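Here's a quick briefing for anyone meeting this structure for the first time. Have a look at the sequence and the model, then read on.

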Amino acid sequence: MDYGAAWIAGGTFVVVIGAIVSEKLHLTIAAFLGAMVLIFAHVLTLSEAIDYISQSHGTLALFFGVMVLIRAFEPTQIFAYLAGQMVKISQGSGKRLLLGIVAITTPICAILPNATTVMLLAPLIPPLAQDIGVDFVPLLILMVLVANSAGLLTLVGDPATFIVGQGVNMSFGDYLQRLSLGGVLAIAVIVVLLPVLFPTIWRTQFTGCDRLKLPQINHPRVLAVGSGIILLVLVLFVIGESLPFPIQPAAVALLGAGLALLLAHHSKIDTVNSILKDVDWSTLIFFMSIFVLIGSLEKTGVVQQLSGLLALGLGQNLLLASIVLMVLVALLSSVIPNIPLVVAMVPLLKEYLLTVNLIDPAMASPEFTGQFPAAVLPLFYAMMFGATLGGNGTLVGASANIVAAGVAELHGSRISFRQFLRYGLPVMAAQVGVSLVFLIVACFGLAGGRIG
């Protein structure tokens with residue numbers, strides 16, 4: 001083990017995370033410069049860095065495809081229309097308005113990254129709320145809490161969930177069968193807590209709904225064809241990997257992106273250049289840079305050393321390890337962006353399982369494409385739940401939270417760290433508690449109730 005390289009790799013990772021958490025640097029700049037430090041310090045060669053990026057090509061392809069697919073249909077104003085209908089259906093009832101936000105946000109976040117959904121929907125909330133005389137800040141916070149939680153409904157609903165699922169070769173269908181109920185429970189916790197978290201709005205009867213000028217759908221024929229494309233993508237997400245010629249979710253997303261670009265170009269509702277210009281390249285470059293940073297920790301042996309500490313503390317007690325992991329990852333994810341956290345934790349967990357002789361050496365390799373032993377999967381499930389739900393804890397816990405805070409400032413209000421904590425912390429605590437019960441019962445209960 002080259003201790004000098006290990007210290008550089010570990011130190012660079014800590015500095016990058018510190019810069020992201022403190023918001024001293026934009027997260028993409030911090031991660032990108034960190035990757036460059038590793039290359040110029042000869043911890044990694046450029047070729048090795050690109051190899052580490054290529055090992056996670058599925059994550060990059062999935063989110064690029066989804067970003068293009070959704071952006072292509074933006075000229076139809078479907079998302080503005082849905083937000084308007086949410087207010088209209090509430091009929092002046094604060095209770096219905098809150099439930100409407102849950103109902104609109106949940107299904108969208110089951111297939112879109114939560115930050116993307118908030119980017120689309122959040123800017124629509126302040127003007128609608130102001131027109132009916134309701135404070136929009138609690139509504140934005142609720143949208144964020146739902147968006148983060150709904151990411152557990154499907155394998156592609158949250159970047160952290162997909163990264164962990166890809167790490168253990170979990171299919172979209174397997175996730176639906178094994179873990180989607182946990183996402184339903186996470187949303188149910190929010191619904192139950194609505195009267196407690198938002199008592200004023202819950203009891204409010206507001207006026208002005210009949211005077212609202214609601215957005216209308218543009219290009220209905222294009223939207224109809226686009227709905228067919230989205231339906232095709234969803235069907236292939238579910239059955240693609242079980243076809244005689246398996247299709248991975250990332251390839252499905254790219255197919256959807258290609259068809260959406262074709263439709264937009266042919267119908268002339270937008271240009272290809274305009275759509276691709278609006279892709280969130282910052283997030284994609286952030287992903288790539290983080291993969292390089294974690295690759296350096298693997299190459300220099302830092303991951304192996306940390307796995308030894310886990311093995312020493314937890315041994316082969318997978319129940320205890322799963323509980324500790326979910327709580328620890330949730331707490332860390334409330335202050336550290338969950339994407340770099342899970343990218344670092346996946347190889348760490350594999351090394352830990354290898355150290356305690358619960359998996360074969362081949363399974364610890366990123367190239368392994370087979371099935372992991374059912375007994376070890378609860379650890380990865382715990383990481384999925386902890387990383388996703390931990391984002392609800394604080395304002396810096398998830399990128400969707402930061403997006404909502406930016407929208408609030410653009411409309412003359414501010415979401416403070418303390419204000420978000422007042423809503424987010426009890427939600428996170430309740431969700432993690434319910435998820436722990438779900439995981440223990442499903443994975444470690446009676447043999448007939450085990451998942452995986």
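Are Phe198 and Tyr423 buried or exposed? Both Phe198 and Tyr423 are buried, where buried means under 20% relative accessible area, exposed means over 50% and partly exposed is in between (1.4 Å probe, protein chains only). Bear in mind that this is a predicted model, with local features needing pLDDT of at least 70, side-chain atom pairs counting only at pLDDT 80 or more, and totals for chains, interfaces and linings using all residues. Residues are numbered from 1 along each chain as its sequence is written, and side-chain values use heavy atoms, with hydrogens and water left out.

**Overall build**

- The protein has 23 helices and zero strands; helices (H or I, at least four residues) and strands (E, at least two) are DSSP runs, numbered from the N terminus.
- With a radius of gyration of 22 Å, close to the 22 Å that the globule rule gives for 452 residues, the protein is as compact as a globular protein of that length. That radius is taken over C-alpha atoms, and the rule is 2.2 Å times the number of residues to the power 0.38.
- The C-alpha trace spans about 70 × 50 × 50 Å along its principal axes.
- Of the 452 residues in the protein, 56% are buried.
- Take the contacts (heavy atoms within 4.5 Å) with a separation of 6 or more: 79% of them are between residues 24 or more positions apart.

**Surface and charge**

- The accessible surface of the protein is about 19,100 Å², and 67% of that belongs to carbon and sulfur atoms. Accessible areas come from the Shrake-Rupley method with a 1.4 Å probe; for residues, only the protein chains shown count as cover.
- There are 18 positive and 19 negative charges, and their mean positions are 15 Å apart. Lys and Arg count as positive and Asp and Glu as negative, while His and the chain ends are not counted. The place of a charge is NZ of Lys, CZ of Arg, CG of Asp or CD of Glu.

**Aromatic pairs**

- The structure holds seven aromatic pairs. Rings of Phe, Tyr and Trp (its six-membered ring) pair if their centres lie within 6.5 Å; planes under 30 degrees apart count as stacked, over 60 as edge-to-face and the rest as tilted.
- One of the pairs is Phe198 with Tyr423, which is stacked at 5.0 Å centre to centre, with 15° between the planes. Phe198 lies in the loop between helix 12 (180-197) and helix 13 (199-203) and Tyr423 in helix 23 (residues 417-444), so this pair ties together parts that are 225 residues apart in sequence.
- Another pair, Phe385 and Phe438, is tilted: the centres are 6.0 Å apart and the planes are at 55°. Since Phe385 sits in helix 21 (residues 377-390) and Phe438 in helix 23, the pair ties together parts that are 53 residues apart in sequence. Both Phe385 and Phe438 are buried.
- Phe368, Phe372 and Phe380 form one aromatic cluster.

**Positive phi in loops**

- Asn169 isn't a glycine, but has a positive phi of about 60°. You'll find Asn169 in the loop between helix 10 (159-167) and helix 11 (172-178), partly exposed with a relative accessible area of 23%.
- Lys268 also isn't a glycine, and its phi is positive, near 65°. Lys268 sits in the loop between helix 15 (249-267) and helix 16 (272-277) and is exposed, with a relative accessible area of 71%.

- Gly58 is in helix 4 (residues 57-72) and counts as buried at 5% relative accessibility. Leaving aside neighbours within four places in sequence, Gly58 is in contact with Phe162, Gln166 and Ala250. Gly58 and Phe162 are 104 residues apart in sequence, with their C-alpha atoms 9.3 Å apart.
- Leu155 lies in the loop between helix 9 (136-150) and helix 10, buried with a relative accessible area of 1%. Not counting residues up to four places away in sequence, Leu155 touches Thr161, Phe162, Gly165, Met170, Ser171, Phe172 and Tyr175. From Leu155 to Ser171 is 16 residues along the chain and 7.8 Å between C-alpha atoms.
- Arg221 lies in helix 14 (residues 220-239) and is exposed, at 75% relative accessibility. Arg221 and Thr28 are 193 residues apart in sequence and 38 Å apart in space, C-alpha to C-alpha.
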